[in-house]
Amino acid sequence: MNLRDFFIGMSQNQFLNNSAKKYGLKLGAQSVVAGTDVAEMIQSVKELNNNGISATIDNLGEFVTEKSEALKAKEQILEVIEAIHTNQVDAHISLKPTQLGLDIDYEFCKQNLSEIVSKASEYDIFINFDMEDYDHLKPSFDLIDEFAKDYDNIGTVIQAYFYDSVKFIEKYKDFRLRIVKGAYKEPETVAYQDKKDIDENYLKLIEYHLLSGKFTSIATHDHRVINHVKEFVAENNIPLDKFEFQMLYGFRKDLQLDLAKEGYKFCTYVPFGDDWYGYFMRRLAERPQNMNLVVKQVFNK
Ligand code: FAD
C-alpha cells in the first residue's frame, strides 16, 4: 500500500472521523481549516478579502448517512449564507451533495439543496456543487441539471482524471466551472492513473473552458499549471475577469498573495467546522509533504 492509499483509507475511517469531531482541531488541521464556527470563519474570510482575495466557503462534512445530520448541515449552510449577506463579505458557497443526504435519498437531498440554492439566489450568492467520487457523479450531475432549469447561481467541478471529463466539460460549457485534477481514488476503468496523463488532460480542459468564454476557476497548487494559464490567457486575450485561480486555505499562502497582487482574480477555498478529518486526510494523501503541517503543529504547541 502506498502513502496515498493509506491516507485515503484513513479519510474513510468512521471511528477516527467521529473521534476527530469530539476532540476538536488537532494534528495540524488548524493550519488548513478556518475555525470550527461561523464567527471564526467570517473573520478568516475578512482577512482574505483585505488582501484582495475572495472565498468559497465549505461547511465541512460529507458521506452523511443520517437524515438528522443532513438537516443539520443544511441549517449550517443557510446560516453561512446569511452570514455572507450580513457581513457583506466577498464569498460564495461550496457544498457536497453527500453532506445534504445524497446517499440517503435523492429527493430528500434535492429538497435540502433547493432551500439552499433558493436562499442564495435571493442574495445573489453563487453555489458551487463540489464533485465527489465516481459513484456520486451521475446523481450530482442530475441534481445540477434539475436546478439549472430554475436558477443561474449554480456551477460545478470537472475532474480531469476521468476519461469522460471532456464529455462533461462539453455538456456544461455554459456553466461557471471549477476545473481540478481530482482528489479521490478511482479505478483505472474510469480514470487516468498516471500523473502525466491527468496533467495533460487538465490543461486541455482548462483551455477549452477559457476559450468558451464562461467563467473558469482554475483550482490547483501546481505552479507549472498556473504559469501555463498565465501565458495562455495573455496569448488568447482572455479578460482577467473571466477566470480566477483557486487554492485551498493554508496552502502556498505566499503564492496566493502574489497572484492577487499581480492582478489576477484569486479565490481561496475556506473549509470550516468540526467535520475536518476526511478533508484533512485527503490533503495528506495528495501530498505527503503536507505532513510538515502536522509536524510544525506538534512542535509549535
Ligand atoms: P498536485 O498534482 O498535487 O501537485 C503538482 C505539483 O504542484 C507538485 O508536484 C508540487 O510541485 C506543486 N505543489 C502542489 N501542492 C503544493 C504545496 N502545498 N506546496 C508547494 N508546492 C506544491 N477535487 C475533487 O475531486 N473535487 C472537488 O470538488 C475539488 N475541489 C477543489 C477546490 C480547490 C480550490 C482546490 C485547490 C482543489 C480541489 N480539489 C477537488 C482537489 C484537486 O482535485 C486536487 O486533488 C488537488 O488540488 C491536488 O492537485 P494540484 O493540482 O493542487 O497539484
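# A tour of the parallel strands and the ligand shell

Select Ala55 first: its bridge partner in S2 is Ala91. The model on screen is predicted: local features need pLDDT of at least 70, side-chain atom pairs count only at pLDDT 80 or more, and totals for chains, interfaces and linings use all residues. Residues are numbered from 1 along each chain as its sequence is written.

**The whole chain.** The protein chain contains 12 helices and 8 strands (DSSP runs numbered from the N terminus: H or I, at least four residues, for helices; E, at least two, for strands). Of its 301 residues, 40% are buried (20 or more other C-beta atoms, placed from the backbone, within 10 Å of the residue's own; 12 or fewer is exposed, in between partly exposed).

**Strands S1 and S2.** Select residues 54-59, strand S1, together with S2: the two pair in the parallel sense over 4 bridges (pairing requires at least two DSSP bridges).

Strand S2 is largely enclosed by the rest of the structure, because 5 of its 5 residues are buried. Ala91, Ile93 and Leu95 point one way from S2, while His92 and Ser94 point the other way.

**On to S3.** Select residues 127-129, strand S3, which pairs with S2 in the parallel sense over 3 bridges. Here Leu95 stands opposite Phe129. The chain passes from S2 to S3 through helix H5, residues 106-122, in a right-handed β-α-β crossover.

Strand S4 runs parallel to S3, joined to it by 3 bridges; Asn128 lies opposite Gly155 of S4. Follow helix H6, residues 137-148, to see the right-handed β-α-β crossover from S3 to S4. All 6 of the 6 residues of S4 are buried, so this strand is largely enclosed by the rest of the structure. Next, select S5, residues 177-180: 4 bridges join S4 to this parallel strand, and Gln159 stands opposite Val180. Helix H7, residues 165-171, carries the chain from S4 to S5, and this β-α-β crossover is again right-handed.

**Ile179.** Which residues does Ile179 touch, not counting those up to four places away in sequence? Its contacts (C-beta atoms, placed from the backbone, within 7 Å) are Ile158, Ala160, Leu205, Ile206, His209, Thr216, Ile218 and Ala219.

**Asn201.** Select helix H8, residues 195-212, and find Asn201 within it. This residue is buried, with 20 other C-beta atoms within 10 Å. Beyond four places in sequence, Asn201 touches Ala160, Ser165 and Tyr192.

**The ligand.** Display the 21 residues around the ligand (C-beta atom, placed from the backbone, within 6 Å of it). The closest are Val180, Ala183, Ala219, Thr220 and His221. Strands S4 (154-159) and S7 (243-248) are the elements that each give two or more residues to this shell. S7 supplies the largest share, 3 residues.

**Last stop: H11.** Select residues 277-286. Helix H11 is largely enclosed by the rest of the structure, because 8 of its 10 residues are buried. The buried residues are Tyr277, Gly278, Tyr279, Phe280, Met281, Arg283, Leu284 and Ala285.

Note on methods: Two residues are in contact if their C-beta atoms, placed from the backbone, lie within 7 Å. A crossover is right-handed if, with the strands pointing away from the viewer, the path from the first strand over the helix to the second runs clockwise.
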